[in-house]
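Colleague: I would like to go through this model with you. Could you put it on the screen?

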Amino acid sequence: MSKIVLITGASSGIGKATAQEVVKAGHKVALTARSEDKLNALVEELGKDNAVAFAADATCYDEQKKVVKQTIEHYGQLDVVFANAGKGVSQAGTENGDPKEWDSMVDINIKALLWSAQLTLPHLRKTTGHFILTSSAAGRRPIQGSIYGASKWFAYGFGQNLAEEMKEWGGRCTTICPGVVNTPFFDEAKDDKLQPQDVADAVVFAIDANQRNSVREIYLMPTN
Ligand SMILES: NC(=O)c1ccc[n+]([C@@H]2O[C@H](COP(=O)([O-])OP(=O)(O)OC[C@H]3O[C@@H](n4cnc5c(N)ncnc54)[C@H](OP(=O)(O)O)[C@@H]3O)[C@@H](O)[C@H]2O)c1
């Protein structure tokens, strides 16, 4: 059955590859991120029958609210949300970290994630839908002084709790925890690590699993 899938962070990396795989699997997507030009190019590639783009800054509550409204107006329903937008920091560690960078990272990795859930749950409830989020392997194991990792521990914990909340009405929630993926998240290429396609395959697996099967988490690591 074809589903309507809203993807945040769809302009690049994991989100973009997931949009491509989700459409290949027969679903339709609403794409959001700040880079309107990249989103429009992706809609051209995927076809206007399969994809629509709504540019927005996810760290602005009202902008996210508008994206959800536009998605419902366009497709009439929402079956799956992939809350994937996120960022790292350039100054590693706690003692040497930059609190200004922490602000913007917490805004996107934590607050925007919570808003994505809060704003879409009423629609997912109507379709007995599915919320999927991108945590990280960095949210599953200690990394020396990592504030980014701590934000992903938050995402991981939130995903577990949300799964219990959604279970009340038959909804499913999946937390995706990838190790290093070769995306623009890093300044240099990571050709020998996971590719965005690998994460996209995991997301499609969770979406297409039988409704009785709530895939709670997928933890992917590069083999090397
Ligand atoms: N790459 C890895 O090794 C790795 C591993 C584990 C988890 N992750 C997580 O995977 C997710 C996707 O990252 P990626 O590797 O695909 O990196 P990426 O290519 O840099 O993609 C990040 C996406 O987030 C969007 N975004 C960032 N800030 C935003 C904002 N304020 N409002 C709206 N959209 C925003 C970006 O779009 P715009 O700039 O166009 O807004 C972009 O589409 C992130 O949550 C990241 O933490 C990555």
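Colleague: How far is a backbone N or O atom of Gly9 from an oxygen atom of the ligand?

Modeller: That distance is 3.1 Å, which is a polar contact in the sense of a pair of N or O atoms within 3.5 Å; within protein, one must be able to donate a hydrogen and the other to accept it, and residues adjacent in sequence count only if both atoms are side-chain atoms. This is a predicted model, in which local features need pLDDT of at least 70 and side-chain atom pairs count only at pLDDT 80 or more, while totals for chains, interfaces and linings use all residues. Residues are numbered from 1 along each chain as its sequence is written, and side-chain values use heavy atoms, with hydrogens and water left out.

Colleague: And which distances do the polar side-chain atoms of Arg34 and Lys152 give?

Modeller: For Arg34, a polar side-chain atom lies 2.7 Å from a ligand oxygen atom; for Lys152, the value is 2.9 Å. The protein covers 92% of the 880 Å² of accessible area that the ligand has on its own, by the Shrake-Rupley method with a 1.4 Å probe; for residues, only the protein chains shown count as cover.

Colleague: Which residues come nearest to the ligand?

Modeller: Ser12, Arg34, Ser35, Tyr148 and Thr183, out of 30 residues around the ligand; a residue is near if one of its heavy atoms lies within 4 Å. Helix H1 (13-24) and helix H5 (147-167) each supply at least two residues of that shell. Helices (H or I, at least four residues) and strands (E, at least two) are DSSP runs, numbered from the N terminus.

Colleague: What is the make-up of the shell by class?

Modeller: The shell has 14 nonpolar, 13 polar and three charged residues. Here Ala, Val, Leu, Ile, Met, Phe, Trp, Tyr, Cys and Pro count as nonpolar, Asp, Glu, Lys and Arg as charged, and the others, Gly among them, as polar.

Colleague: Turning to Asn109, is it buried or exposed?

Modeller: Asn109, in helix H4 (residues 99-127), counts as buried because its relative accessibility is 3%. Buried means under 20% relative accessible area, exposed over 50%, and partly exposed in between (1.4 Å probe, protein chains only). The side chains of Asn109 and Ser151 are joined by a polar contact of 3.1 Å. Leaving aside neighbours within four places in sequence, Asn109 is in contact (heavy atoms within 4.5 Å) with Gly86, Lys87, Tyr148, Ser151 and Lys152.

Colleague: How many residues does the largest nonpolar core have?

Modeller: The largest core has 31 residues, and those with the most contacts inside it are Val29, Leu31, Leu46 and Ile176. A nonpolar core is a set of buried Ala, Val, Leu, Ile, Met, Phe, Trp, Tyr and Cys residues joined through side-chain atoms within 4.5 Å. H6 gives the most to this core, with six residues.

Colleague: Where is Gln211 found, and why is it classed as partly exposed?

Modeller: Gln211 is in the loop between H6 and E7, and it counts as partly exposed because its relative accessibility is 40%. Its side chain reaches the backbone oxygen of Thr128 at 3.5 Å.

Colleague: What is the phi of Thr128?

Modeller: Phi of Thr128 is near 50°, a positive value in a residue other than glycine. Thr128 sits in the loop between H4 and strand E5 (130-134).
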